[in-house]
Amino acid sequence: MPSATHTAPDLDIVTLDTDAVTERLDQFADMLHACVHDGASIGFIEPFPMHEAEAFWRDKTIPALKGGKRILFAALDQDRLVGTVQLDYDTMPNQAHRGDISKLMVRPDCRRRGIARLLMQAAENRARDLGRTLLTLDTRTGDSAEILYTSLGFETTGVIPDFARDPDSEKLSGTTVMYKRIIR
């Protein structure tokens, strides 16, 4: 069941449970497929068929959501899924103060509207509500996402060279590891 966390004109940022993600599986798969084919470095490489995009949500994300230690935020424009990000707070006991941000994506035809920023703000607010004081993430070095994260107050701790293959070539790119301290 979706619950609203932020609203903008014609755009709602909501959290979705497993049933809601399952109901929108085709939209999630289509968005992931479009992002990968647009060059997003989010773990997948071309060729990237639609059935693999569906399998990611069905076999990886939905089971993680069922465990109750991951939250999926979705940006809805009317009823159309246009973006998402996940907050994972399934940490070891000595890390109960932090959470990980993952799989931030916005449909290529919906970018430059502030959707990613709204999704990240919703994730940070929820992390704060959960008592988390540190967020971590990684992103392909040099991507526009790195600029976004910096503008949101994330700091770079380092770069790991040749971390992952680019989605559309054999090139290996570095990943920038970032963190942000959040105040309760």
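This report walks through a few helices, loops and residues of the structure above.

It is a predicted model, where local features need pLDDT of at least 70 and side-chain atom pairs count only at pLDDT 80 or more, while totals for chains, interfaces and linings use all residues. Residues are numbered from 1 along each chain as its sequence is written, and side-chain values use heavy atoms, with hydrogens and water left out.

**The annotated stretch**

Let's begin with the record. An unreviewed UniProt entry lists residues 11-183 as "domain: N-acetyltransferase". UniProt positions follow the numbering used here, feature names are shortened, and annotations may be inferred rather than shown by experiment. In the model, that span is 34% helix and 35% strand, and its end C-alpha atoms sit 27 Å apart.

**Helices**

How do H2 and H3 pack? Helix H2 (residues 25-37) meets helix H3 (residues 50-66) at an angle of about 120 degrees, and their axes are 8 Å apart. So H2 counts as oblique to H3. For the wording, angles under 35 degrees are roughly parallel, over 145 roughly antiparallel, 65 to 115 roughly perpendicular, and the rest oblique. The axes are lines fitted to C-alpha atoms, for helices over the stretch in contact, with angles from 0 to 180 degrees between N-to-C directions. The crossing of H2 and H3 is right-handed, a term for a near helix turned clockwise from the far one by less than a right angle, with anticlockwise being left-handed.

Between H2 and H3 runs a loop that holds Pro47. A cis peptide bond links Glu46 to Pro47, with omega at about 0 degrees.

Further along comes helix H4, residues 115-129. Its 15 residues reach 21 Å from first C-alpha to last, close to the 21 Å expected at 1.5 Å a residue; the expected span is 1.5 Å times one less than the number of residues. Among the buried residues of H4 are Ile115, Leu118, Leu119, Met120 and Glu124. Just after H4, Gly131 has a positive phi of about 85 degrees.

**Some residues to look up**

| Residue | Relative accessible area | Class |
|---|---|---|
| Gln78 | 59% | exposed |
| Lys103 | 25% | partly exposed |
| Val14 | 5% | buried |

Gln78 sits in the loop between strand S3 (70-77) and strand S4 (80-88). Although Gln78 is not a glycine, it has a positive phi of about 60 degrees. Lys103, another residue other than glycine, also has a positive phi, near 50 degrees, and Lys103 is part of strand S5 (residues 98-106).

Val14 belongs to strand S2 (residues 11-16). Which C-alpha atom is 5.5 Å from that of Val14? The one in Phe73, 59 residues apart from Val14 along the chain.

Definitions and conventions: Helix = DSSP H or I, 4+ residues; strand = E, 2+ residues; numbered from the N terminus. Buried < 20%, exposed > 50% of the residue type's maximum accessible area, 1.4 Å probe, protein only.
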